[in-house]
Structures are given as C-alpha cells and as structure tokens.
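Let's take a walk through this model, one piece at a time. Have a look at it first, then read on.

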2 protein chains.
Amino acid sequence: MSVQSPSPRLFFEAVSAYEKTEAIRTAVELELFTHIASGKRTPPEIAQACQACQASPRGIRILCDYLTVQGFLIKHNDRYELTADSSFYLDKNSPAYLGKTLEFLHTPKLRECFHRLTEAVRIGGTALPEEGTVSHDNPIWVEFARGMVGMMRLPAKLLADLVKEDTNKPLRILDVAAGHGIFGITIAERYPQARVTALDWRNVLAVASENASQAGISQRYSLLPGSAFDVDWGGPYDLVLLTNFFHHFDVPTCEKLAAKAYAALAPGGRALTLDFIPEADRISPAHAAGFALTMLVATGHGDAYTFEEYRKLFEKAGFAKNEFHALLPTNQQAIVSSKA
Amino acid sequence: MSVQSPSPRLFFEAVSAYEKTEAIRTAVELELFTHIASGKRTPPEIAQACQACQASPRGIRILCDYLTVQGFLIKHNDRYELTADSSFYLDKNSPAYLGKTLEFLHTPKLRECFHRLTEAVRIGGTALPEEGTVSHDNPIWVEFARGMVGMMRLPAKLLADLVKEDTNKPLRILDVAAGHGIFGITIAERYPQARVTALDWRNVLAVASENASQAGISQRYSLLPGSAFDVDWGGPYDLVLLTNFFHHFDVPTCEKLAAKAYAALAPGGRALTLDFIPEADRISPAHAAGFALTMLVATGHGDAYTFEEYRKLFEKAGFAKNEFHALLPTNQQAIVSSKA
C-alpha cells in the first residue's frame with residue numbers, strides 16, 4: 001500500500017468526532033478535572049472523590065485514558081495529571097473555568113439544531129420552530145450571557161484596543177444586544193468618563209447589570225430593554241457596538257441594523273462590529289468560515305458574512321469608511337465603520 | 001499574549017466536534033459527494049441534483065463550505081470538487097463506498113450509548129439495558145456485518161498474511177463470531193483446499209454466506225449458527241479466528257473463549273486474534289487505546305486489552321507461544337497463539 005493510497009482517516013475521524021464531545025462533556029459534568037487538580041491521581045482516588053456522582057474506578061480509568069489520548073490529561077503509570085490548559089480552563093476553582101461555556105454550547109436546543117442538520121440543509125435554515133434561537137426573549141440568551149462571558153474577555157480587550165480615543169473623553173456608547181455586556185464594560189473600564197447604554201432583552205440585561213456592578217461601573221451603566229429592532233436607540237452616541245449580532249440575520253435585516261446604527265451616531269461616530277468574518281473564499285479562516293453552519297442550523301437566515309458583504313451594507317447605510325481587523329489570537333474579526 | 005499562554009483550543013474542538021459528525025452524516029445522507037462526482041459543481045447544481053431530498057442552494061453552499069474547511073472537498077470560486085479520498089470512499093458509485101459503514105457506526109442505539117456516557121462512567125459499563133450490544137441475536141450485528149465488510153478487507157488481508165502455510169494445505173478453519181465472514185473468506189481465497197466453518201447468530205450468517213458465495217468459496221463454507229459460548233465448536237481445526245470479539249467481554253469470559261479455542265485446535269494449531277490492542281500504557285496507539293471508551297458505553301464489561309493481558313489468558317488456556325503483530329496501516333493489531 002503506497003503512501004498515496006486513499007485514506008479513510010478523515011472520514012472516520014468525522015464519523016466518531018461526537019465521541020470526543022461526549023467525553024469532554026462527561027468529564028466536566030463529573031468534575032473530573034477539578035478532582036485531579038485537588039490531588040486525586042488514580043482511578044480509585046478520583047472515583048472516590050466523585051462521591052456525588054458515584055463513579056466507578058473502571059469507568060474513570062477508561063475515560064481518563066481516552067482524555068489522555070485526546071490531550072487533556074497526562075498519564076504516568078496509573079496516575080493522571082492535568083495539562084497546563086486543562087488546569088487553567090477546566091478546574092472549577094480556576095477563574096478561567098469554562099464549565100459554564102460548555103453548558104451554553106451544549107444547550108439541548110442548540111444540539112438539537114445540529115442533530116437536524118439534514119433538514120436544515122433542505123430548508124436552508126433552522127429546522128426548529130420559532131426561528132430557532134433568535135425568537136423574542138428566548139431564555140437561551142440568558143444562558144449565553146452567563147456562559148460566554150469568560151470566553152469574550154479577550155475579544156473584548158482587543159475590541160477596546162480599536163477605540164483609540166483620549167482616555168478622558170466622555171464617550172457615549174450603545175452596546176446593542178449586549179448579552180453579558182462585557183464589550184461595553186471593558187471600554188468603560190478603560191475610559192473613566194464613558195457612559196454605556198446596554199440594549200437587550202430584560203432578562204438578559206440582568207446579567208449585564210451584574211457584570212457592570214462587578215466591574216464597578218454601575219453608575220455609568222444604563223439599561224435599554226427590548227428588541228434592537230423595535231426600541232428607539234436614543235443617542236447620539238460616539239460608539240455603537242454590534243458584537244456577534246449581525247450573523248443571526250439576513251442581509252436586508254443587517255442593512256436595517258446598520259442604518260439604525262448610523263442614525264444613532266454623532267458625526268464622526270463609529271460602529272464597532274465584532275463577528276465571525278471569513279475571507280471572500282468563505283473557507284478561511286477555518287473557525288470563522290465554519291461558523292456559517294451553526295447559523296444554518298440555529299437561525300432562519302443567519303450567516304457568516306464576509307468583509308465585502310459588511311462593507312456594502314455599511315456603505316449603503318451611509319458610513320464613509322470601513323476597516324477590517326483580525327482579532328488574533330481569537331477566532332473573531334472586527335470592522336470599524338466611521339460616520340463622516 | 002505570549003505563545004506559552006494557556007489555550008482553550010483543544011477544549012473548543014472537543015466541545016464542537018459533534019458538528020463534524022453531523023456534517024458528514026448529512027452529506028452522505030444527501031449523497032452530496034455522489035452528486036459532485038457526477039459533475040455537479042455549484043450549490044444550485046448540487047441542490048437540483050439532490051431532487052429526492054429537495055435541498056436548498058443556500059443549505060448546500062454552507063454545508064459544502066464547511067466540508068471544504070474540514071478537508072472533504074476542494075473549492076475553486078463557487079465550484080466544489082472531491083478530494084481523492086472523498087472520491088474513493090464517499091461516492092456511492094465507488095466500490096469502496098463507506099455509506100453503509102457510516103450507517104452501522106451511527107446506529108441510533110450506538111449513538112445513544114455514547115450520549116449516556118456519564119451514566120456509563122458511573123456504572124462502569126453500558127447504561128443501556130440488555131447488556132448494550134452483546135445481547136443474543138441483536139439485529140445490530142446484521143447491520144455490523146453489512147456495514148463493516150468494506151473496512152475489514154485490508155485487515156483481513158493482513159491477517160491472512162500471518163497464516164504462512166503451504167498453499168495446498170487443507171486448512172480447517174473456524175471463524176468465531178464471523179460477522180461478514182471476510183476474515184475466513186480471505187484465507188479460503190488464498191488456500192484453495194481450506195474449509196471454513198463460520199460461527200455466529202443465524203441472521204448474521206446469512207450475510208457471511210452471501211459474501212462466501214460472492215467470493216466463489218461456498219462449497220468450502222459451512223455454517224454453525226448459535227452463541228459462541230453455547231454451541232459445540234466441533235473440530236479439530238488448524239486455525240481458530242477470533243476477530244473483534246474478545247473486546248466485548250470481561251477477562252473470565254475471554255478466558256473461557258481462549259480455553260474453548262485451545263480445545264478445538266489440533267496439535268500445532270493456532271488461534272488468530274484480531275482486535276484493538278493498546279500498549280501497556282493504554283494510551284497508545286491512539287485508536288486502539290481510545291476504543292476502550294466504545295466498549296465502556298456499549299458493553300457491560302468489555303475493554304481494549306493489552307498484549308500482556310491477552311498473553312496471560314492464552315497461556316492460562318494452554319497456548320505455548322503468543323506473537324504480537326501491528327497490522328499497519330490499519331488501526332488494528334493481531335496475536336498469533338500456537339498450541340504445542
């Protein structure tokens with residue numbers, strides 16, 4: 001068999017990829033990484049630590065070996081320890097713990113969306129009723145706000161880097177579909193005179209409000225509950241933040257949002273878009289391009305739009321200039337759109 | 001952010017790995033690769049070809065981009081083509097088509113086993129009733145026999161390479177839990193005087209029988225229906241084949257099988273075991289080691305045993321010599337156990 005022979009490797013990896021998903025989910029559910037972090041090392045020790053879940057040493061041994069194969073653990077003889085990444089992100093006692101993020105990403109409704117991918121390809125949009133996840137007051141966005149805040153701290157810092165204003169400028173900021181609010185909050189932390197208006201469903205704003213409070217900026221933080229499409233945005237603002245929002249909608253709806261942003265901005269104001277923005281080929285970078293599939297299964301008409309598509313819709317809304325920024329090392333990209 | 005910073009990459013890959021599984025499943029279900037192989041190139045062309053499934057061009061475009069990102073397709077402008085691997089394994093008109101294999105690997109019962117991994121870790125075995133997949137006459141083994149035969153042709157050739165007997169020797173072969181029968185059949189094709197007895201459930205033997213017929217060896221092929229544990233194996237045999245069978249059981253049950261093999265062999269006879277046999281560390285090679293998780297979720301007491309564990313149980317049964325063979329480039333390993 002020559003090296004050039006066809007290989008079914010990629011196929012089998014994809015066919016069995018869901019096993020990895022189940023393994024990491026179970027490990028987090030059983031707090032396996034937390035038990036190992038606390039000094040439990042062998043399967044019987046870990047199983048015993050896991051009292052609430054009553055795990056079996058045999059089950060723990062097989063799961064730990066699998067997680068070692070996948071790179072989440074290190075094994076020496078019959079003892080397991082955490083990798084640096086697992087220690088940082090998967091130990092419940094680490095501030096960067098991603099357990100809540102996993103809970104959001106594995107919301108049964110989202111998983112069901114993917115399980116119904118075949119239907120979604122037929123329909124050209126989510127197979128779930130109520131337009132999937134973008135329906136009004138969907139409680140999924142509270143889970144999102146709680147689950148994704150940890151992951152968004154770095155993108156929020158990189159987005160705040162793009163503001164580049166005088167530190168004492170009394171920036172007026174509208175954070176559209178604020179969610180956890182971390183994008184507006186991070187800018188408010190850098191600009192002590194900035195005031196943020198957070199727009200989202202009322203139940204979601206409760207989470208943003210908590211986070212603003214925790215950041216000590218409550219007095220400069222106000223809430224605007226409702227649908228971004230229906231409520232009056234007020235203004236004028238110096239910055240309108242549109243983070244991970246456009247991708248849920250079709251182009252005409254995105255155009256309406258861009259127009260509303262333009263109208264709410266003061267002259268010289270800017271819209272900051274953060275999103276999954278693939279290259280024109282729509283196949284790179286991998287994560288931004290692949291995100292379109294999530295929008296196919298989870299929304300009626302959402303997509304991962306290219307910079308060219310964003311540029312057109314912002315120009316149509318009246319914006320004079322659009323700049324693209326890859327927010328490396330994160331998987332996200334940004335566009336700064338300026339009003340003349 | 002330094003290069004040494006912790007990265008959540010591995011975590012997110014695992015959390016979203018199931019999306020790949022859904023994508024390949026949907027693509028095979030919609031015969032996407034077959035349509036592209038037949039010359040359809042753009043999303044509207046592919047969607048139209050897919051008449052039975054009534055796919056939308058938008059759904060096809062997003063799925064094809066995702067499959068391109070994952071390495072299954074190549075994209076030039078808005079046109080897709082197959083990679084060499086996809087063309088060989090995923091076009092329905094290719095003799096090596098793996099669609100049936102996917103159907104077996106995604107049997108709802110097997111997927112449910114994995115979805116209940118947390119319970120399996122607690123219990124130390126499958127969370128499904130009837131001992132998961134090893135129950136009597138389980139129809140899953142007919143699906144297995146039909147689904148896995150394509151994948152097993154290469155391992156079967158490599159196992160037949162280990163026989164190394166005079167071509168005209170009238171080998172008497174027992175193929176235990178024959179399934180598709182391809183292991184015994186491949187040896188019978190190489191040894192024109194060999195006779196094979198295939199042991200399995202009656203419904204499964206119908207598949208082995210078809211395959212023997214197709215290989216033109218029906219006249220040297222006889223059927224022994226029933227449970228490997230209950231029926232009289234007859235004999236004496238020169239070769240007893242134990243392929244992908246031990247891993248379903250606990251050690252005492254494996255010992256019984258080894259003893260039964262020993263008793264059924266003529267002096268100088270050999271048992272050929274093909275299985276997932278990890279190194280003593282149980283974390284390499286990746287596929288053999290990772291297979292233990294499948295046995296945890298799908299069986300009551302199955303495992304991926306090491307060579308050392310096999311050596312012990314074969315010695316206990318009376319075998320004089322055990323040789324290990326990695327069946328590269330496949331993911332499987334073999335042991336040749338000789339009766340003095």
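Predicted model: local features only at pLDDT ≥ 70, side-chain atom pairs only at ≥ 80, totals over all residues.

Start with a hairpin in chain B: strands β8 and β9 form it, with six residues between them. (Helices, H or I of at least four residues, and strands, E of at least two, are DSSP runs numbered from the N terminus.) β8(B), residues 321–326, runs antiparallel to β9(B), and six bridges join the two; strands pair if DSSP finds at least two bridges between them. Here B:Ala326 stands opposite B:Gln333 of β9(B). Strand β7(B), residues 265–275, is also antiparallel to β9(B), again with six bridges, and B:Asp275 has B:Gln333 as its bridge partner.

Residues are numbered from 1 along each chain as its sequence is written, chains are lettered from A and ligands numbered from 1 in the order written, and side-chain values use heavy atoms, leaving out hydrogens and water.

Back to β9(B): six of its six residues are buried, meaning under 20% relative accessible area with a 1.4 Å probe, protein chains only. B:Gln333, B:Ile335 and B:Ser337 cover one side, while B:Ala334, B:Val336 and B:Ser338 are on the other.

Now for the two chains. Chain B can be laid on chain A with an RMSD of 0.0 Å by a turn of 180° and a shift of 0.0 Å along the axis, superposing by least squares the C-alpha atoms of residues with pLDDT of at least 70 in both. The two copies are thus related as by a two-fold rotation axis. In chain B, the C-alpha of B:Tyr18 is nearest that axis, 1.9 Å away.

Methods. Buried < 20%, exposed > 50% of the residue type's maximum accessible area, 1.4 Å probe, protein only.
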